[in-house]
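Please look over the following model together with its sequence. The report is written for a reader who meets it here for the opening time.

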Amino acid sequence: MYADTQNDITRQVVRVAQLLLAYGAESDLVEEISQRLGRALGLASVELSISSNSLVLTSLVHGRCITTTRRIREHGINMRIVCELQRICLLAEKGLYGPNEVRKRVARITPKSYPAALVIPMIGLSCASFCHLFGGDWMSSIITFIAAAIGMSVRLSLARRHFNPLIIFSLTAFVTTAVAQLSYECPLTKTPELAMAASVLMLVPGFPMINAISDMVKGHMNVGISRWGHATLLTVASVIGITIAMQLGGKFL
């Protein structure tokens, strides 16, 4: 294998690893996919060093090493892209994709999201379902649906304008809690506190926390602690928004 070919394959492998990390894959999966893809494309070995905001990848062929570094910029969790990259790796291992096909397929990858008209009512429905499971009455569940739907629309609107995630979570929690507090003024519900509690469940950073624990358990302590810290900050931002809304409304759980 020529040096130019090794350079090209190394760039493709590190691009795949960069996308996996940027869209929420756990560190162990990033290492596995990168090494498998590198070997499938002709590299003797691939070694990675992953940190909270960068990765270093070294490829080895016939005793010749090439090392490259990439910065990681988070784009939010998107399992569709992670699955697509895994699919590319499988096709390369089966011999159906070579370096050129992998390059073209990766270049065509674009993040896709569900339309807001579908996401907003589904988030409202899920929070309302939790309210009902917690023992809330039907009116409380309806108020939860409205509060969560309004909060999600605020969250999506702020995300489209590229606000800081901490600001997004704090403002969303504030608006959602403020709307949910209207349940205390409604004589048709006897469980207004459940509407306040269930409507903000959409802000629980479950996936980042799961990834953080998974990384720490599997030995990627630096990345795991970083992800845990980020999830904790999001939680604190939500708590700040909830607390301000409750203080202004004079309502406490």
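The text below treats the annotated domain, the sheet, the nonpolar core and the ring contacts in turn.

This is a predicted model, in which local features need pLDDT of at least 70 and side-chain atom pairs count only at pLDDT 80 or more, while totals for chains, interfaces and linings use all residues. Residues are numbered from 1 along each chain as its sequence is written, and side-chain values use heavy atoms, with hydrogens and water left out.

An unreviewed UniProt entry lists residues 13–248 as "domain: Threonine/serine exporter-like N-terminal"; such annotations may be inferred rather than shown by experiment. Over residues 13–248 the chain is 65% helix and 9% strand, with the end C-alpha atoms 52 Å apart. Helices (H or I, at least four residues) and strands (E, at least two) are DSSP runs, numbered from the N terminus.

Three strands make up an open sheet in the order β1-β2-β3, with antiparallel pairing; two strands count as paired if DSSP finds at least two bridges between them. Because β1 (45–50) and β3 (64–71) stand at the edges with a single partner strand each, one side of each is left without a neighbour in the sheet. The two pairings are set out here.

| Strands | Sense | Bridges |
|---|---|---|
| β1 and β2 (residues 54–61) | antiparallel | six |
| β2 and β3 | antiparallel | eight |

Within the sheet, L48 has L57 in β2 as its bridge partner, and L55 stands opposite R70 in β3. The hairpin of β2 and β3 has two residues between the strands, and H62 in this turn has a positive phi of about 50°.

The largest nonpolar core has 35 residues, of which L20, V30, L37, L85 and V102 touch the most other members. Such a core is a set of buried Ala, Val, Leu, Ile, Met, Phe, Trp, Tyr and Cys residues joined through side-chain atoms within 4.5 Å, where buried means under 20% relative accessible area, exposed over 50% and partly exposed in between (1.4 Å probe, protein chains only). At least two residues of this core come from each of α1 (3–22), α2 (27–40), β1, β2, α3 (79–93) and α4 (99–107), and α1 supplies the largest share, nine residues.

The structure holds one aromatic pair. F130 and F134 form this tilted pair, at 6.1 Å centre to centre and 35° between the planes; ring centres must lie within 6.5 Å, and planes under 30 degrees apart count as stacked, over 60 as edge-to-face and the rest as tilted. F130 is partly exposed at 39% relative accessibility.

Methods: Rings of Phe, Tyr and Trp (its six-membered ring) pair if their centres lie within 6.5 Å; planes under 30 degrees apart count as stacked, over 60 as edge-to-face and the rest as tilted.
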